[in-house]
Amino acid sequence: MPRPFRFGVNLLTPAAAGEWRAKCRRAEELGYDVLLVPDHLGMPAPFPALVAAAGATERPRLGTFVLNAAFWNPTLLAREVATTAALTDGRLELGLGTGYVQAEHDRAGLPFGSPGERVDHLRRTVEELLKSDGCEVPLLIGANGDRMLRLTAEHADIAAFTGARLTPGNTEGRLEPVTADELDERVARYTESAVGREEPAERNLLIQIVAITDDPSAALGPLLERRPELTLDRALALPTVLVGTLEEVVARVRGLRERYGFSYLTVLEPYMEAFTPVPKALSA
């Protein structure tokens, strides 16, 4: 039997207390299973934002999507995780990644390091959390490279695929979408590494664009302007793009689960309202 769908929303925009609580309650009303907060400068600080979200809601899980492990000392992070898990009544799901935006490290005066050094630091972070009291929470790891996929297969309860890669030479975190075939290869590499797991991990994909529309060219116009090598058909075929009529998008979501095993999808805050007809149609 396929794993049941779960849907999360990544809340990107800082807000005052009342507005933040209202936004979280709205996400709960819309049926989202997980309320998530990223870890980028200029966006909400993850742990206080999640504690506030817990106070405003009752049902959804609460998660980081994802913490930039390179920002954090592993021992101090374990204290943050344990406290947040307690204050959210056990609803915390911890998402971790290596970090990929060099400009944020430069701004914070923190070393960025090589990709290998960031993976090493993430491994040390995971090992510290696994041995720390109060940190027994579901662990999501966001991965794309081979070493990260192996680490994810070894430790993560949720394997998160970005469906994108960093633009070579870019320090601002600009990402390029991967094709369906490229994602096939990454998922296959993860599957190879995960052979022998006692329990299969849940698989997550971050969706970049959502539009329920009869005019996909209008919805994808900005993407096509940024990526002139893409045709409309190629853009519509990207795994991280859900654009089309409701029936087409619902079929695409089912296809993501059938082809890649993605039962847990995350959408970005700007698409929180637009996406909600899809879970309703899937459950009908």
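Biologist: Why is Cys24 called buried?

Modeller: Cys24 has a relative accessibility of 0%, and buried means under 20% relative accessible area, exposed over 50% and partly exposed in between, with a 1.4 Å probe and protein chains only, so Cys24 counts as buried. Cys135, at 9% relative accessibility, therefore counts as buried as well. Please keep in mind that this is a predicted model, in which local features need pLDDT of at least 70 and side-chain atom pairs count only at pLDDT 80 or more, while totals for chains, interfaces and linings use all residues. Residues are numbered from 1 along each chain as its sequence is written, and side-chain values use heavy atoms, with hydrogens and water left out.

Biologist: How many disulfides are there by the rule used here?

Modeller: A disulfide is a pair of cysteine sulfur atoms within 2.5 Å, and by this rule the count is zero.

Biologist: What makes helix 1 and helix 2 oblique to each other?

Modeller: The axes of helix 1 (residues 17-29) and helix 2 cross at roughly 60° and come within 9 Å, where axes are lines fitted to C-alpha atoms, for helices over the stretch in contact, and angles run from 0 to 180 degrees between N-to-C directions. Angles under 35 degrees count as roughly parallel, over 145 as roughly antiparallel, 65 to 115 as roughly perpendicular and the rest as oblique, and helix 1 and helix 2 are therefore oblique. The contact, meaning heavy atoms within 4.5 Å, is made by Trp20, Arg21, Cys24, Arg25 and Glu28 of helix 1 with Ala49, Ala52, Ala53 and Ala56 of helix 2. Helices (H or I, at least four residues) and strands (E, at least two) are DSSP runs, numbered from the N terminus.

Biologist: Which residues have the most contacts inside the largest nonpolar core?

Modeller: A nonpolar core is a set of buried Ala, Val, Leu, Ile, Met, Phe, Trp, Tyr and Cys residues joined through side-chain atoms within 4.5 Å. The largest one has 67 residues, and those with the most contacts inside it are Tyr32, Val81, Leu96, Phe161, Val253 and Phe262. Helix 2 (residues 46-56) gives the most to this core, with six residues. Apart from it lies another core, of 10 residues, including Val34 and Tyr264.

Biologist: Why is Asn10 called buried?

Modeller: Asn10, which lies in strand 1 (residues 6-10), has a relative accessible area of 4%, so it is buried. Leaving aside neighbours within four places in sequence, the contacts of Asn10 include Leu36, Phe65 and Thr266.

Biologist: Is Thr125 buried or exposed?

Modeller: Thr125, in helix 5, stands at 0% relative accessibility and therefore counts as buried. Beyond neighbours within four places in sequence, Thr125 is in contact with Ala69, Pro74, Leu77 and Leu96.

Biologist: What makes Asp89 count as exposed?

Modeller: Asp89 has 68% relative accessibility and therefore counts as exposed. Asp89 is in the loop between helix 3 (74-87) and strand 5 (92-97), and its phi is near 55°, a positive value in a residue other than glycine.
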